[in-house]
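Subject: Structure handover and what was found in it

Dear colleague,

I am handing over the structure below, together with notes on its helix packing, its pockets and its aromatic pairs. Please keep in mind while reading that the model is predicted.

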Amino acid sequence: DLIKVGHSTKDPELRARELDNTGAPHSYIVEYEMLIEDPSRIEQEAHKALSSVRENKEWFRCSCENAIATIQRVAGGRAINESFKRADRERAEKIRKDQEKEELHEKLVNQQIKKQELAVQAEYKDILAAQFTENPFWPYWIACSIGVFLLIGAVSPKTSDSAGAIAAGIFGAVIAFFTKEFHESRRMKSSEYRALEQQQESKLREAKTAIILACASPSCQQRIRFDADKLLSSSNGAWICPKCKTGVNPFDCLMNQ
C-alpha cells in the first residue's frame, strides 16, 4: 500500500477532499486520525521511524496498520483522541506490540554488549597495569638532574653550587620528561604489549557480535554464546541449552539480570 502520513489543523476528511482537487490520480481516503498536541513533531518522528519504507516526502510503502502502529509508538500514549476509520485496530495493536517488543529486545542486547565491552576493557586495563607498571617521574628527574649538575660542573667550574643545582633541577626535569616519554613509547611498542592489545581487540570484537549468558537452570549454569544478529532476528528467542537441554529464553535472562 502507498500511505500518506501527515498532519493538518483542519478536519482530516475536509483536508482529504481538498487534496482530491489538486489533480491527484486517486482519491484520498482517511484510514486513521489522531488528535494530539504538537502534531508537527509527532509527524517528523513518525517519518523518521518509517524512513526505511519512504517513497517520497510524506508517502510510505507499507500497510495502514504498520504506519498507525508507528504513529502510536511515537506518540507514546499522549494521544488526546484517535479514530480508526477503515484501518484494522486489532492488527495495528498487534504490530505496535511487536515493534515495542523488538525495541526492547534490541535495547537489552545492546546493554549487554556494552556491559561486556566494559568488562573486557577493565580486565585488560588491570592486566596491562600489572605487567607494564608505569615508572614514576621522580627517578628520571633525579638521575637527569644529577647528570646535568655534573655536566655544568665540568663545563663551567666557576658556577656556584646553588646556581648549578637550580639549573640542574630545571633542565633535568625537561630532559626527564622526554626520557620517560621515550621509554613509555618503547614499552608500548614492545611485542608483549602489542600481543596483549591484540588479545583485547579480539575479545572486544567478540563482545560486540555475541552475548554470553548462563543457563537459567541452577544445576547447570552452562555459559551459552548467542550471536547478537541471529538473536535479534529470531521470532521468539527460544533456545535450548546444549548441556542440560533446558529451554532458554535469553531475553528473559537479560531482563532478570
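The crossing of H3 and H4 is right-handed, and these two helices pack with their axes 8 Å apart at an angle of about 55°. Because the angle has that value, H3 counts as oblique to H4.

Another helix pair to look at is H5, which covers residues 137-155, and H6, which covers residues 161-188; their axes come within 6 Å and cross at roughly 130°. That angle makes H5 oblique to H6, and the crossing of H5 and H6 is, again, right-handed. Where H5 meets H6, the residues of the contact comprise 15 nonpolar, six polar and two charged ones.

Turning to the pockets, the largest pocket holds about 1,200 Å³ of space. Its lining is made up of 40 residues, and those that lie nearest the centre of the pocket are Lys4, Val5, Gly6, Val30 and Tyr32. Two or more residues of this lining come from each of the strands S1 (2-4), S2 (32-35) and S5 (81-84), and likewise from each of the helices H1 (12-20), H2 (39-49) and H3 (64-75). Sorted by class, the lining of the largest pocket has 23 nonpolar residues, nine charged residues and eight polar residues.

The second largest pocket contains about 210 Å³ of space and is lined by 11 residues, of which Gln112, Ile212, Leu213, Ala214 and Arg223 lie nearest its centre. The elements that each give two or more residues to this lining are helix H4 (89-131), helix H7 (191-209) and strand S6 (210-214), and the largest share, four residues, comes from S6. By class, the lining of the second largest pocket divides into six nonpolar, three polar and two charged residues.

Finally, there are the aromatic rings, for which the count comes to five aromatic pairs. One of them is formed by Phe132 and Tyr193, whose rings are edge-to-face, at 5.1 Å centre to centre and with 75° between the planes. This pair links distant parts of the chain, since Phe132 sits in the loop between H4 and H5 whereas Tyr193 belongs to helix H7, 61 residues apart.

With best wishes

Conventions
Residues are numbered from 1 along each chain as its sequence is written. This is a predicted model: local features need pLDDT of at least 70, side-chain atom pairs count only at pLDDT 80 or more; totals for chains, interfaces and linings use all residues. Side-chain values use heavy atoms; hydrogens and water are left out. Axes are lines fitted to C-alpha atoms, for helices over the stretch in contact, and angles run from 0 to 180 degrees between N-to-C directions. Angles under 35 degrees count as roughly parallel, over 145 as roughly antiparallel, 65 to 115 as roughly perpendicular and the rest as oblique. A crossing is left-handed if the near helix is turned anticlockwise from the far one by less than a right angle, and right-handed if clockwise. Ala, Val, Leu, Ile, Met, Phe, Trp, Tyr, Cys and Pro count as nonpolar, Asp, Glu, Lys and Arg as charged, and the others, Gly among them, as polar. On a 1 Å grid over the protein atoms alone, a cavity is a set of points where a 1.4 Å probe fits but cannot get out, and a pocket is an open set with protein on both sides within 12 Å along at least five of seven lines; lining residues have an atom within 4 Å of a point. Grid points are joined across faces, edges and corners, and a volume is the space filled by probe spheres set on the points. Rings of Phe, Tyr and Trp (its six-membered ring) pair if their centres lie within 6.5 Å; planes under 30 degrees apart count as stacked, over 60 as edge-to-face and the rest as tilted.
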